[in-house]
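Please view the sequence and the model before reading on.

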Amino acid sequence: SLFLLDELCPRLVNMLLHVLTKLVGAKGMELKVDNPESYNFRPKEMLADLCDIFSSYAGLLVFQEHCAKSGYYTKYLMSKAVKTCSKLNLLSGNEMDVFEELPSKVEKVSLTIENDEALTIDAPNEFLDPLMWTFMKDPVRLPTSGNIIDRSTITQHLLNDPNDPFNRKALSIDMVEPATELKERMTIWLDQKREERDCKMEE
């Protein structure tokens, strides 16, 4: 799904969680309006649709990861959404089962993310995205400037500006080239760091 791409999934997750906060969060009363029928305002139907979307993606690791990284996500919010959904019978069968598991899965993924971030805290600068200063997942070379950047970063940039961010030359996503050799060295380095961590945990 296009919505699961690194450049789009964060937007999807933030949007879903933002609306969820308005519906079931501490400030859920904000969405109350006079004469809701005249505005076709049906919060229960909105929540049902929202829970259905969450259920559709809840079993996917990439979705769980972006939930864990989102500033809108809290375990309280998602647990309350699950309870509300169950109470109002908005989902049934397997859909409800999958949705109920999302809070625990996100919590587990959060720990993994924290552990991996701790591993990369001393990563060489060449492994870091030059704009976001984060450990790159999919490094690509920009033919227009020769710079290497994470694919998700440049894709996000090009959605708003069709130019190389380093020299302003015209650039499109189909022009970028995989930085294969760098990616291989990054994988080897990260595997070694994980192995060192695991050995220490066994001691």
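The sections below treat the basis of the model, a helix pair and selected salt bridges.

## Basis of the model

The model is predicted: local features need pLDDT of at least 70, side-chain atom pairs count only at pLDDT 80 or more, and totals for chains, interfaces and linings use all residues. Residues are numbered from 1 along each chain as its sequence is written, and side-chain values use heavy atoms, leaving out hydrogens and water.

## Helices H1 and H2

Helices (DSSP runs of H or I, at least four residues) are numbered from the N terminus. The axes of H1 (residues 9–24) and H2 (residues 43–57) come within 11 Å and cross at roughly 145 degrees; axes are lines fitted to C-alpha atoms over the stretch in contact, with angles from 0 to 180 degrees between N-to-C directions.

Contact means heavy atoms within 4.5 Å. Residues of H1 including Leu 12, Leu 16 and Leu 20 meet residues of H2, among them Met 46, Leu 50 and Phe 54.

## Salt bridges

A salt bridge places a side-chain nitrogen of Lys or Arg within 4 Å of a carboxyl oxygen of Asp or Glu; the count comes to eleven. In one of them, Asp 122 pairs with Lys 193, the closest N and O atoms being 3.2 Å apart. Asp 122 lies in the loop between H5 and strand S1 (139–141) and Lys 193 in helix H7 (residues 180–202), 71 residues apart.

Glu 126 forms a salt bridge with Arg 185, with the closest N and O atoms 2.9 Å apart. This pair ties together parts that are 59 residues apart in sequence.

How values were computed. Helix = DSSP H or I, 4+ residues; strand = E, 2+ residues; numbered from the N terminus.
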